[in-house]
Amino acid sequence: VDLKTGIKDIKKELNQANKDFTQATAGMDNWSKSSDGLTAKLKQLDTKLSGQKKTVELYQAEIERVSQLEGDHSAQLEILKGKLQDAEIAVAKTEKEVRKYSTSLEDVQTKEKESSSSLGKLTDKIKEQEAQMKELQDKINLLLAGSLINNKEEKKSKKNIKFVNMTSGG
């Protein structure tokens with residue numbers, strides 16, 4: 001693959017990666033605060049880094065070719081060396097971005113796990129409290145039922161006492 005064609009193909013890949021990232025994060029308020037957004041960013045950066053590394057390889061190959069054709073001191077060779085250096089700097093910057101967003105992703109995933117764990121604990125606590133409330137309600141119902149029975153027996157006893165008092169003349 002010649003230099004121009006290779007770079008053109010790489011630019012197409014990068015454009016597609018940018019479109020994919022934009023599409024993946026379109027509905028997100030802040031993609032840098034979610035694991036899905038950061039994962040999409042890392043995927044984009046991976047494609048970018050891969051393209052940049054291919055660009056470095058293409059420049060290295062072109063430098064080798066020009067060096068053999070024109071010698072080590074041609075103007076074209078100096079221009080290519082400058083472009084190679086720029087491409088290597090771009091790789092280093094992208095690698096730094098990958099590290100940054102990888103760390104951010106790890107942090108967000110940790111926070112998401114903690115939130116999930118806290119939510120799970122809260123759910124368990126709510127279930128425990130619901131069980132305690134049901135147990136308390138059952139006890140209240142038993143007490144009320146017992147009170148009603150006692151109340152009926154008390155009324156029955158009072159009627160019996162009145163009946164006894166009436167029959168005995170009292």
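Predicted model: local features only at pLDDT ≥ 70, side-chain atom pairs only at ≥ 80, totals over all residues.

Colleague: How many residues does helix α1 have, and how far does it reach?

Modeller: Helices here are DSSP runs (H or I, at least four residues), numbered from the N terminus. Helix α1 covers residues 3-24, which is 22 residues, and spans 31 Å from its first C-alpha to its last. That is close to the 32 Å expected at 1.5 Å a residue, where the expected span is 1.5 Å times one less than the number of residues.

Colleague: Which residues of α1 are buried?

Modeller: Buried means under 20% relative accessible area, exposed means over 50%, and partly exposed lies in between (1.4 Å probe, protein chains only). In α1 the buried residues are Leu3, Gly6, Ile7, Ile10, Ala17 and Phe21. They lie on the same side of α1, because they cover an arc of only 90° around the axis; the arc is that of the directions from the helix axis to the C-beta atoms. The face turned away from this buried side carries exposed residues, including Lys4, Lys8, Lys11 and Lys12.

Colleague: Why can residues some places apart in a helix point the same way?

Modeller: An α-helix has 3.6 residues a turn, so residues three or four places apart point the same way.

Colleague: What does Leu58 touch?

Modeller: Contact means heavy atoms within 4.5 Å. Leu58 is found in helix α2 and is buried, with a relative accessible area of 16%. Not counting residues up to four places away in sequence, Leu58 touches Val1, Asp2, Leu3, Gly6, Ile7 and Ile10. Leu58 and Ile7 are 51 residues apart in sequence, yet their C-alpha atoms are 8.1 Å apart in space.

Colleague: How many salt bridges does the structure hold?

Modeller: Side chains of opposite charge can pair when their charged atoms come close. A salt bridge is counted when a side-chain nitrogen of Lys or Arg is within 4 Å of a carboxyl oxygen of Asp or Glu. The structure holds six. One of them joins Glu97 and Lys48, at 3.7 Å from N to O. Glu97 lies in helix α3 (residues 75-167) and Lys48 in helix α2 (residues 35-70), so this pair ties together parts that are 49 residues apart in sequence.

Colleague: Which residue forms a salt bridge with Lys53?

Modeller: Lys53 pairs with Glu95, and their closest N and O atoms are 3.9 Å apart. This pair links distant parts of the chain, with Lys53 in helix α2 and Glu95 in helix α3, 42 residues apart. Lys53 is partly exposed at 38% relative accessible area, and Glu95 is partly exposed at 29%.

Colleague: Where do Lys134 and Asp138 lie?

Modeller: Both lie in helix α3, four residues apart, about one turn of the helix. Lys134 is exposed at 53% relative accessibility, whereas Asp138 is partly exposed at 34%.

Colleague: Which residues form a nonpolar patch on the surface?

Modeller: Patches are made of residues with over 30% relative accessible area and no salt bridge; like charges are joined within 9 Å, and nonpolar side chains (Val, Leu, Ile, Met, Phe, Trp, Tyr) within 5 Å. Here Met133, Leu136, Ile140 and Leu144 form such a patch, with about 390 Å² of accessible area together, by the Shrake-Rupley method with a 1.4 Å probe, only the protein chains shown counting as cover for residues. Ile140 lies in helix α3 and is partly exposed, with a relative accessible area of 37%.

Technical notes:
Residues numbered from 1 in each chain as written. Heavy atoms only, no water. Helix = DSSP H or I, 4+ residues; strand = E, 2+ residues; numbered from the N terminus.
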